[in-house]
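Hello,

Here is the structure I promised to pass on. Please open it first, then read my notes below.

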Amino acid sequence: MNMQVSGVMAPPAPKTIDGMQLPLVMMRDILLKTMFRKNVTHVTELARAICLPIPVTQELVDLARSQKLLEAMGTMHATSSAEMAYQLTDAGKARALDALSQSEYFGAMPVPLDVYREQVQRQSIRNIQVTRDQLLAAMGHLILPKELLDHLGPAVGAGRSILMYGPPGNGKSSISNGIRDALGDKIYVPRAIEYAGQVITVYDPIVHSAAEEDVDDPNALRRTSGRFDTRYVRCERPTVVTGGELSLSMLDLVYNPVARTYQAPLQMKSTGGIFIVDDLGRQKEPPQAIVNRWIVPLEENRDILALQSGEKFEVPFDTLVIFSTNFHPNEIFDKAALRRIFFKIKVDGPDQEDFLKIFAMVARKRKMPLDEEALIHLLQVKYPTIDNIYANYQPIFLIDQMISICEFEGIPYQMSPELIDRAWANMFVREEEIVH
């Protein structure tokens, strides 16, 4: 029976060894390696360690016993559970060591790539519907022009690539985070997947935040093992944020020569979620090269990865890619690349009215009283010197500067034309100071 939790169809737990679609020897070896490395002896503990239902784990134990790799120890200890304990035979230990020399991987049984593909379909980012209310709720703390949401909503709902461009300091990163918060539902991320006998780890606690209600107490295994395939972790939709440090090699499989296993690249970890390329144009590689790397995935919903042997294979590409840049798109892309990015959204600075709203909101949060004379000085004397170009970051910057000055001078929080001048002086580096 397919279980449905929170709108996304959960991966059904495997019923038998045959239903696993993994090489038998691989499954047996992972069982032996896990027993050897973790020193587990009971099937219930073992089932939890390899993330399989108890009946399937028992089948694997019986298989290893029939091959004289495991033996029953009898139930001689005080736990009084009538559960049989097993240990590796000498042949089993030798096999475990041999298997570890080929791959250090043990623990959660991997999910075959084809089975994983089906789950990606069930929880595709392209299946989600985002309403104006959801976006507003996720971005309520931001003061954004109404027309920005008019463009943003359909772009997110389509689950296609988005390019946000415009002058720095206007919240492109905050908007990206708001999109992530608007998604709201949970998906299932495999701990590891298998392709051609190779193990690729996918779940990454840094990227994936596990949903709390699935952290079960040790006795709950029987209750939860049937709910969904525990080789997956139920998580928030992932968000991977990269900036100037992004390089093309980060989008390739990472091979660990010691463990002889692979780690999924960043875009694969973001499957079912969002991949944000912040500050496009600040990477070592030219933006054109970075976008070229995404062309096939963006157009065909599939990515091509390569093993150490050079063998290439296809994985699902199911990610909302958000590019964000301070450059004008025509400066950094050719027309063909721009055509491939589905939605292009300009994020401008606020007008004077929105600027004042942001300024008042920040002042209230920081407990800084507003002063009419100071505001008139700011708007009529200071901003004309920079052609009245407002940016979202400026209110926070100016108010925090004035707070620092007040604290240094030992006076109550206040704003005045003089304090505005002192704060303003720190916001810009004067051109004549630049020494080449």
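Lys68 is exposed, because its relative accessibility of 62% is over the 50% cut-off. Please keep in mind that this is a predicted model.

Lys68 sits in a loop. On one side of that loop is helix H3 (54-66), and on the other is strand E3 (70-72). The backbone deserves a look here. Most residues other than glycine have a negative phi.

Asn301 also has a positive phi, near 55°, and is likewise a residue other than glycine. Where is Asn301? The loop between helix H11 (287-300) and strand E15 (302-306) holds Asn301. Its accessibility is another matter. Asn301 counts as partly exposed, because its relative accessibility is 36%, and that class lies between 20% and 50%.

Is Lys382 buried or exposed? Lys382 counts as buried, because its relative accessibility is 16% and the cut-off is under 20%. Lys382 belongs to helix H15, which covers residues 372-382.

What does the side chain of Lys382 make a polar contact with? The partner is the side chain of Asp421, at 3.1 Å. Asp421 is also among the residues that Lys382 touches, leaving aside those up to four places away in sequence.

Best wishes

Terms used
Residues numbered from 1 in each chain as written. Predicted model: local features only at pLDDT ≥ 70, side-chain atom pairs only at ≥ 80, totals over all residues. Heavy atoms only, no water. Helix = DSSP H or I, 4+ residues; strand = E, 2+ residues; numbered from the N terminus. Buried < 20%, exposed > 50% of the residue type's maximum accessible area, 1.4 Å probe, protein only. Polar contact = N/O pair within 3.5 Å; in protein donor to acceptor, adjacent residues only side chain to side chain. Contact = heavy atoms within 4.5 Å.
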